[in-house]
Amino acid sequence: MSAPSQTEDAARAASPLPGSSGRATLIAELARILPEDSLITDPCRLRAYECDGLMLMREMPLAVALPTTEAQVVAVLRTCRRLGIPVVPRGAGTGLSGGATPHKDGMVLSTARMTRIVAMDRLAQQAVVQPGVRNLAVSEAAAPHGLYYAPDPSSQIACSIGGNVAENSGGVHCLKYGLTVHNVLRVRMVTMDGEVLEIGSAAPDSPGYDLLAVTVGSEGLLGVVTEVTVKLVPRPRVARCVLAAFADIRKAGQAVADVIAAGIIPAGLEMMDQATTAAVEQFVHAGYPLDAAAILLCESDGTDEEVQDEISRVRRLLEAAGATDIRVSADEAERLRFWAGRKAAFPAAGRIAPDYYCMDGTIPRQRLAEMLAAMDGMAKKYDLGLLNVFHAGDGNLHPLILFDSNDPDSVRRAEAFGVDILELSVALGGTITGEHGVGLEKINQMCSQFAADELDVFHRVKAAFDPAGLLNPGKAVPTLHRCAEMGRMHVHHGELPHPELPRF
């Protein structure tokens, strides 16, 4: 049997679940819970919620709820649980893996209006925020206290803390300061049954199992986040960025390995290839050397003495690796210009192609050159453009595949290109995602990444929080039946292992 395509995959995830009720009944029930302006049922307005940042996959929900309080979230979930209606949690909709793609027989629960910063504790260096608070807004609110929130995804001007928790987002400074999971102390969330859970604590540690690590990155499968306690860190006294140009992208990759091998953990270590720098230079005018095959951005922060010492060590390593040009930001304005191009890589891609498809594989740093060469061959194979931009320090790749969504064959080739990248990431000892999540996009490749016993555990964790399977169904964790169909599971005499697991 052939493997399911992405389109078939989305259709299967969107099939009606047992116990689903009619749209009219759902809307009538929700209208008794929510104010009129917090419930969207008009088809034209629903169109804005048919996808997240992965526009290849679209579906119209039955309705969209926009609660403003935790009590409303509880009431909505209890109602949908009673009616058997699937619920897809949604933050700002900037996700790139289809994690917020609606279920055609379900509703979307958006936390976009829960935007209050509940508390800011300067002494404890913590903030308590609602899930709809923008990532950047946390740092803006903490700035008067000399603090900021470290995770900084490229979409930080728009993405929400609730969405960051769902996807375990990172950013250009995740190498030194960690992902969302390393910067969250407590999560308050509501299960599908309407039970409010407090996971983690404001203390350095909490008793019992580490459910916080399970919750962060769970992609809305376990509960709907209503409040988050985040860590804040002091703003460094000094931050300077080194821009290094290389005539050979493999030398740039080796330079990354050399920096890390020397025991240096920069605040950020990013790479862009020549096609990417050309695209973003037109967009932000950062002064990038356009003749370089690749550029590295390496940031140091701390005290004056710490930064000067680290930059001198980094500079020697970059020169030894073959850098043709090295620049150090002279002031804060130049440092921000260097980073502006990296953060604008995604929108810049939209200036040179009708559409782009952003992947999110992660590989061991020492396999970087091998991966880049392979992706160059894939681009030729599928006759599609490719921009390479990635968190070089931790091996998290974000290749942007350029295609035309109005051309079905171009879409098919783009999807196949993406699959090849993910499969090779696994083959090289990496993973299928670093910070964008699995969602619908990578669910087939979960069968390559994990064995049946591991998927069994994932299903059991899901069932412990959501036994009815109504929260974001069909996302992130594939059924064992699907893996068997794809030929990724060893089956004895035509019988699947773990027959007790649901086969949707």
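Predicted model: local features only at pLDDT ≥ 70, side-chain atom pairs only at ≥ 80, totals over all residues.

1. Six strands form an open sheet with antiparallel pairing, in the order E15-E12-E14-E13-E18-E19. Its edges are strand E15 (325–328) and strand E19 (396–397), each of which pairs on one side only.

2. The E13–E18 pairing. Strand E13 (residues 268–273) and strand E18 (residues 389–391) run antiparallel and are joined by 2 bridges. Within this pairing, methionine 271 stands opposite phenylalanine 390 in E18.

3. Helices on the sheet. Helix H9 (residues 249–261) packs on the sheet and touches E12 (238–246), E13 and E14 (294–302). The direction of H9 makes about 175 degrees with that of E13. Helix H11 also packs on the sheet, where the strands touched are E12, E14 and E15. For H11 the angle is about 160 degrees, taken against the direction of E14.

4. Arginine 313. This residue lies in helix H11 (residues 304–321). Is arginine 313 buried, partly exposed or exposed? Its relative accessibility is 30%, so arginine 313 counts as partly exposed, given that buried means under 20% and exposed over 50%. Apart from neighbours within four places in sequence, arginine 313 is in contact with Ala262 and Ile264. A polar atom of the arginine 313 side chain lies 3.3 Å from the backbone oxygen of alanine 262. Arginine 186 is 127 residues from arginine 313 in sequence, and the two are 38 Å apart in space, C-alpha to C-alpha.

5. The cavity. How many cavities of 30 Å³ or more does the model contain? The count is 1, and the largest cavity holds about 30 Å³ of space. Its lining consists of Gly171, Val172, Cys174, Leu175, Gly268, Leu269, Glu270, His391 and Asp394. Helix H7 (174–177) and strand E13 are the elements that give two or more residues to this lining. Of the elements, E13 gives the most, with 3 residues.

6. Helix H5. Which residues of helix H5 (residues 135–142) are buried? They are Asn135, Ala137, Val138, Ser139 and Ala142.

Definitions and conventions
Residues numbered from 1 in each chain as written. Heavy atoms only, no water. Buried < 20%, exposed > 50% of the residue type's maximum accessible area, 1.4 Å probe, protein only. Helix = DSSP H or I, 4+ residues; strand = E, 2+ residues; numbered from the N terminus. Contact = heavy atoms within 4.5 Å. Polar contact = N/O pair within 3.5 Å; in protein donor to acceptor, adjacent residues only side chain to side chain. Pairing = 2+ DSSP bridges. Axes fitted to C-alpha atoms, helices over the stretch in contact; angles between N-to-C directions. 1 Å grid on protein atoms, 1.4 Å probe; cavity = no way out; pocket = protein on both sides within 12 Å on 5 of 7 lines; lining within 4 Å. Points joined across faces, edges and corners; volume = space filled by probe spheres on them.
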